[in-house]
Amino acid sequence: MEEKDISQAVISRLPRYFRYLGELRDEGVERISSQELSELMKVTASQIRQDFNNFGGFGQQGYGYNVEFLYKEIGKILGLDKTHNLIVIGAGNLGQALGNYMNFEKRGFILRGMFDKNPDLHGKAVRGIPVQPMENIESFVRENNIDIAVLTIPKTSAVDVAEVLVNNGIKAIWNFAHVDLNVPEGIQVENVHLSDSLMKLSYNLERYNKENTK
Ligand code: NAI
């Protein structure tokens, strides 16, 4: 089966499998059954088997899955067997927090550059990477094989900045600005809105409270 046939719902569950399998691998676990993984992850074993069947089932034989193999295969599907060069645009609170977060590098996402329009920030180092003026961005993107741009700027300028990035060869944008970007087909955009997650939490809290005060 070609990957294009796989639903986004399945794809969105893969990072969680990858995370759990990575932890199991680090703990030295060699094999795990779908039942054990189901108990650990609190999803049904049939869901796990169905999800994995999209990729040929990952050869479960005898007692369960080989953890190392499964971890690597899911990593490959997620494109984590390669490194990705990242730049952050907007070196404010959020941009610096993301830039300072080392764990992305463990997954192969390498921070190569930080950019901001505020001259007070130019030269300030975030994990050794100096913040550069926006004037440098076009040549930097073209010359440094940058795959992913992280947008942590206000929504008012995000659309224009995204256009510049795309015109200079950026193929993927991790967009934290609260605006929908209008990018050509083939450019991948992942919008992240932490507030959506918070609103979901609020909804579940409301529902629980209502059900338990009847
Ligand atoms: P901040 O004000 O600390 O940082 C924004 C930075 O962007 C500033 O350093 C500013 O100089 C820079 N900037 C503004 N326009 C620019 C441009 N055209 N080119 C280059 N740099 C530019 O704000 P913070 O807290 O870091 O948030 C950044 C943005 O992310 C805000 O618009 C905020 O609404 C959004 N945000 C989104 C979240 C999400 O979950 N999607 C969560 C938190 C913030």
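A residue is called buried when its relative accessible area is under 20%, exposed when that area is over 50%, and partly exposed in between, with a 1.4 Å probe and the protein chains only as cover. By that rule Asp51, with a relative accessible area of 2%, is buried.

The structure described here is a predicted model, in which local features need pLDDT of at least 70 and side-chain atom pairs count only at pLDDT 80 or more, while totals for chains, interfaces and linings use all residues. Residues are numbered from 1 along each chain as its sequence is written, and side-chain values use heavy atoms, with hydrogens and water left out.

**Confidence**

The predictor's confidence in each residue is given as pLDDT, on a scale from 0 to 100. For the protein the mean pLDDT is 93, and 97% of its residues reach 70 or more. Helices (DSSP runs of H or I, at least four residues) and strands (E, at least two) are numbered from the N terminus; confidence is lowest in helix 6 (residues 103–106), at a mean of 86, and highest in strand 8 (residues 172–175), at 98. Where pLDDT is low, the predicted coordinates should not be read in detail.

**The ligand and its surroundings**

Counting a residue as near a molecule if one of its heavy atoms lies within 4 Å of it, 18 residues surround the ligand, and the closest are Leu94, Asp116, Phe176, Val192 and Leu194. When Ala, Val, Leu, Ile, Met, Phe, Trp, Tyr, Cys and Pro count as nonpolar, Asp, Glu, Lys and Arg as charged, and the others, Gly among them, as polar, this shell has eight nonpolar, eight polar and two charged residues.

| Residue (backbone N or O atom) | Distance to an oxygen atom of the ligand |
|---|---|
| Asn93 | 2.9 Å |
| Ile153 | 3.5 Å |
| Leu194 | 2.6 Å |

Taken alone, the ligand exposes 860 Å², of which the protein buries 75%; these accessible areas come from the Shrake-Rupley method with a 1.4 Å probe.

**Salt bridges**

A salt bridge is a side-chain nitrogen of Lys or Arg within 4 Å of a carboxyl oxygen of Asp or Glu, and the structure holds seven of them. In one of these, the side chains of Arg13 and Asp51 meet with N and O 2.8 Å apart. Because Arg13 lies in helix 1 (residues 8–26) and Asp51 in helix 3 (residues 45–53), this pair ties together parts that are 38 residues apart in sequence. Whereas Asp51 is buried, Arg13 is partly exposed, at 26% relative accessible area.

Glu68 forms a salt bridge with Arg25, whose closest N and O atoms are 3.5 Å apart. This pair links distant parts of the chain, with Glu68 in helix 4 (residues 67–77) and Arg25 in helix 1, 43 residues apart. Glu68 also meets Lys72 in a salt bridge of 3.1 Å, N to O, and these two residues, being four apart in helix 4, are separated by about one helical turn. Arg25, Asp26, Glu68 and Lys72 are linked in a network of salt bridges. Of these, Glu68 is partly exposed, with a relative accessible area of 32%, and Arg25 also counts as partly exposed, at 31%.

**Positive phi angles**

Arg127, a residue other than glycine, has a positive phi near 50° and lies in the loop between strand 5 (125–126) and strand 6 (129–133). Asn145, which is not a glycine either, has a positive phi of about 55° and lies in the loop between helix 7 (137–143) and strand 7 (148–151). Arg127 is partly exposed, with a relative accessible area of 29%, whereas Asn145 is exposed, at 56%.

Terms used:
Polar contact = N/O pair within 3.5 Å; in protein donor to acceptor, adjacent residues only side chain to side chain.
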